[in-house]
Amino acid sequence: MTSPATITELLVQWRKGDQTALDALLPQVYDQLRRIARRYLRSERPDHTLEPTALVHEAYLRLVDEKTVDWQSRAHFYGIVAVRMRHILVDYARSRQAAKRGGDGARVSLSGASPNERGQDFDILALHEALERLEALDPQKARIVEVRYFGGLTIEQTAEVLGISAASVKRGWTLARAWLRVEIDDVRR
Amino acid sequence: MTPERWKEVEVLFHQATGLPAEARAAFLAEVCGRDDQLRGDLERLLAAHAEGSFLDSPVSEQSGLRTADGGQISPGSSFGPYIVINEIGRGGMGVVYLCRDPRLERRVALKVLPRSFVPNPELERRFQREAKAVSALNHPNILTIYEVGQAQGVHFIATEFVDGLTLRRRLEQGRMGMVEVLEVATQVTEALSAAHEAGIVHRDVKPENLMVRPDGLVKVLDFGLAKLVQWPFATQSRDGSAESEKFSSTQRGLLLGTVSYMSPEQARGFPVDHRTDLFSLGVTMYEMITGRRPFKGETASDVMAALLRVDPAPVASFCPVPPELDHLICKTLSKDRDQRHQSAAELRAELKTVKQKLESREYAGLEGSGTNASPNDARAKAAQSRPTAYAKEERAGIWLHGRRTAAIGIPVAVIGLLVLILAGRPHLSSLLNPSATPPAEIESLAVLPLTPLGFEKGDEYLGLGIADAIITRTSQLGALVVRPVGAVRQYSESKADPLEAARKLQVDSVLEGTVQRAGEHLRVSMNLLRTRDGVSLWAGSFDHRISEGFALQDAIARDVVKVLDLTLTASQQNHFSQAPTRNGEAYDAYLRGRFYLLRSDRKEDFKTAIAMFKRATTLDPAFALAHVSLAAASAAVNFSHEPDGQYAETAYISLEKALAVDPNIADAYHIRGNLIWTLANGFPHGRAIREMKRALELDPHLAGAHRDLGAIYTHIGLFDKALEELRTAERLDPSDFRVLPRIARVHYYQGKYQQALREFGRVKPAWGPEQAIVFLHLGGVNEARGLVEQALQAPSSFNSTDVADCASSYAVLLAGTGRPAEAEEYIRLARKKGEGTSHFHHAEYSIACAYALAGKTELALAWLRRTADHGLPCYPLFEKDPNLDRLRSDPAFIAFMNELKRQWESLRHEFG
């Protein structure tokens, strides 16, 4: 396993503008995240829940020496994690669906995620697919959603990570959110 | 969806969300025209946007990803008979979920009381009884309770689901208008009245318990619920000191929130009756009007101490309100309940009276003006009496008892009367001012920057700032052509003879004056001169406090209007009577910002201006003109200095904020029209034209908007329309150096080269690139070469677009004189400098011409396509220009032109 020092160093280098540091950083973060996620998902508990907070947190604590990085670095880390997080959740959702096949058709949903007027939950796969369509149309907006929703970053942190103004993030977020909502509802109908 | 379409949707979406909900349909109808698809897309997006909190809490903050395995309250799970949809709120009384009731297929709001909450069975039974009684009232302003029960070991209350904001959220969104305040309060009294008659007291009226629906209907929540919870201080502690040990900080916050709205008798733990609700409503109204709570303190016990001992300052000390309303709120806040209104019905009747008065006054242009502008005797009296009134108030400091006279009401009434006279009876105004010269011949006015007398350093902004404000005010009237501030700012530093300036500015009257500062007071003397003979038509002096600057500009503008015998339409006088802000400090920051915005085109000045406007809008978020100026300054930095920065973004947002407050500010549409008309946005000509037209509907004298609209028409080949607009711009502001080259360009594009040459001859200093091409068309190769070479000599003084224009013109010249290889070199230079800049399309067109002249048909056509794609789809130019003649037999060119012609015809159909 890579030592926290190395990853911290890579993170700091990347923040300073060294793109190759990111290339070195990503696979390690991903590996680590997948390992932690697998352990969570193997959990024998009957109420079997995946706690993303714990997951990201644990990854962060394991990978990064918190004392030597500033909040911007932390934001960048979460920004990276967002992509992976999304895929872990999608994989998880697919496996749950497979497990439930033939059952009562329960779909994996995110709690607290949607005040859906039609009384249905939107599911993570629908979001994932809509997000893929948004990526084709406007990659930056898709990235905003990914970082905000899956990475849990604030507007300001997102601005920092994507290198755009907070105002742009806010506007992009508003539009992307409305668009995804329309997309997801359209598909369901 | 194509990327272009997406871009368009994006811009429109943000504009629409910046508008009040009720204005969106009209906006969509306007911008979408016949494009139903676009409108449909936007409508769906806006509906989704309005639904709110989608994806709001990030996945990492959620309690977990789970399947619906029951046992917990989570989306999709069932709770009692209900299916949980999601959490919609959290408060001291538990968590509220939006649920579906599958039995009746309706949505319900489910309030789940804290698990720790185990009420006294007797209290609970009484609550149940009351809940039923309240629901039985079936009152539109009372939230209907469907069911009170227990499930999974916790208590819950199921009620109707109201899709709206709590008054707390509404207050967080910004200041409420006086009429809105009265409307909300009246509806609450209706609810209270019905409940009180049924013997039910609410006990916890506060902004968190009032919901406002988008259609304005108010619902009162949680009747009687408060007494289910026994607050410790009510039963055991008079001094409240134990409280801090017993409560967590969150609980303390909740307690504080509740205590702030309590009546004195409630705080003491005495028995309460219906009049406690009237007190709490009084506190709520106080907060709606002033944005602050009457009784304040760091802890609940401090608040209670204030509540029991202190008389709050009257609302009128924070903002102008009708005296009746000030009095009414004082009465509701009486410590002794016998001194309050004795019933909700009584309070409601008084509220209705105030509201009716306010509405009728508003109609006459009264509300919203705290000025004391008034000419002649009335003004002199007001000027004498007013400072005295203020001095008294200042000495008094905080009012001990809220019996305050209508210090603000009197001058307001005077102005209202004057406006009525001015607007409705022009002949009366002549009677009032018999000395006025018959003013019929005065059609135009220049307001010169005021000359400062003995200024302290740092006060320079007042001279130009006040002139600018008077210009804004008088030009809004539309009855008089007022030179824009850009035309007069040159007289700010050098004192010119006013009549000479007037002749130069080609106006038949000029307003000049001086400003003197003495401490917090300003003395302004103004003189209105007739250019023809130098006769003084009017002179006046005004004394005002600096913080009341807007009153000053109003007073002057009003007198000018009167002297010149201008008749205002109803909407003009209405607009005229509104003070741009009531916050003196904000207004001062605004004046300073205007000074820096106007005095130069330097980046540092623009940035200082931006800082000032930000300050002004922070002090008064509803100060629309300051938002517009912030947009103007940001757009200026974006345009002239930092095109890649975030200034365009700031400008857009500021405009949205301004238009949300006041959708009738012409400048805002003008600025927005220019902002959107860029390469990055795909040069949306139609949209930009509509923005400019909207600006001109609101202010037909907006010279800059005529100029810019003319430029847009030129780009799409509507030359007659372009000339009409540009000529109007020239007439309104002959000093605008940007108009003449644009007029010349239209003639060049029309193929009227002689005329174009004449017009280019008027442009000072001469501008080479397009003039050179015109010379070339007329056979003047040497003149053309001279012009371009001269222009290229000093490229350092040009921006890269200018260099690109020069280089591409030179390429045309070289290609046209049989030197294609050298032409290529200059094309390379033009591309190097211009590619990626927003207005590269003129150079692109020249490159196309150069290739056409060199016989490189394919390249020429490719560049012509780029020209059209990049904002210059100028069909009639392409059709006529002899430089393109070698392309005309090419089938690809013919097909391209046919397509372009179709586009052009449809634009001509829409705007021609």
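Predicted model: local features only at pLDDT ≥ 70, side-chain atom pairs only at ≥ 80, totals over all residues.

Biologist: Okay. Which strands does helix α6 of chain B lie across?

Modeller: Helix α6, residues 178–197 of chain B, lies across β9 and β10 of chain B, and runs at about 40° to β10(B).

Biologist: And what order do the strands take in that sheet?

Modeller: The order is β8-β9-β10 in chain B, three strands in an open sheet with antiparallel pairing. β8 (165–166) and β10 (218–220) of chain B are at the edges with a single partner strand each, so one side of each has no neighbour in the sheet.

Biologist: How many bridges join β9 to β10 in chain B?

Modeller: Three bridges, with β9(B) covering residues 210–212. In that pairing, Leu210(B) sits opposite Val220(B) of β10(B).

Biologist: What does Leu192(B) touch?

Modeller: Leaving out residues up to four places away in sequence, Leu192(B) touches His202(B), Asp277(B) and Ala344(B).

Biologist: Let's zoom out. How many helices and strands does chain B have?

Modeller: Chain B has 40 helices and 16 strands. Of its 912 residues, 47% are buried. If you take contacts in chain B between residues at least 6 apart in sequence, 63% of them join residues at least 24 apart.

Biologist: Which residues have the most contacts inside the largest nonpolar core?

Modeller: Ala811(B) and Ala850(B), in a core of 159 residues. Helix α25 (residues 624–640) of chain B gives the largest share of this core, 11 residues. There's also a second, separate core of 70 residues, which includes Cys99(B), Phe161(B), Leu221(B) and Val259(B).

Biologist: And what's touching Ala850(B)?

Modeller: Among its contacts are Ser808(B), Ala811(B), Val812(B) and Ile827(B), not counting residues up to four places away in sequence.

Biologist: New topic: why is α31(B) described as largely enclosed?

Modeller: Nine of the 12 residues of α31(B) are buried, so the rest of the structure largely encloses it. The buried ones include Val739(B), Arg742(B), Ile743(B) and Tyr749(B).

Biologist: Which helices do those buried residues pack against?

Modeller: In chain B, they pack against α29 (703–715), α30 (719–732), α32 (753–762), α33 (768–777) and α39 (875–880).

Biologist: How many residues of α18(B) are buried?

Modeller: 15 of the 15, so α18(B) is largely enclosed by the rest of the structure. Helix α18 takes in residues 461–475 of chain B and reaches 21 Å from its first C-alpha to its last, close to the 21 Å expected.

Biologist: Last one: what pLDDT does chain A average?

Modeller: Chain A averages 66, and 44% of the residues score at least 70. Over residues 43–49 of chain A, pLDDT stays under 50, and the model has five contacts beyond four places in sequence for them. pLDDT also stays under 50 over residues 101–122 of chain A, for which there are 58 such contacts beyond four places in sequence.

Definitions and conventions: Residues numbered from 1 in each chain as written. Chains lettered and ligands numbered in written order. Helix = DSSP H or I, 4+ residues; strand = E, 2+ residues; numbered from the N terminus. Expected span 1.5 Å × (residues − 1). Buried ≥ 20, exposed ≤ 12 C-beta atoms within 10 Å, placed from the backbone. Core = buried A, V, L, I, M, F, W, Y, C linked by C-beta atoms within 7 Å. Contact = placed C-beta atoms within 7 Å. Pairing = 2+ DSSP bridges. Axes fitted to C-alpha atoms, helices over the stretch in contact; angles between N-to-C directions. pLDDT = per-residue confidence, 0-100.
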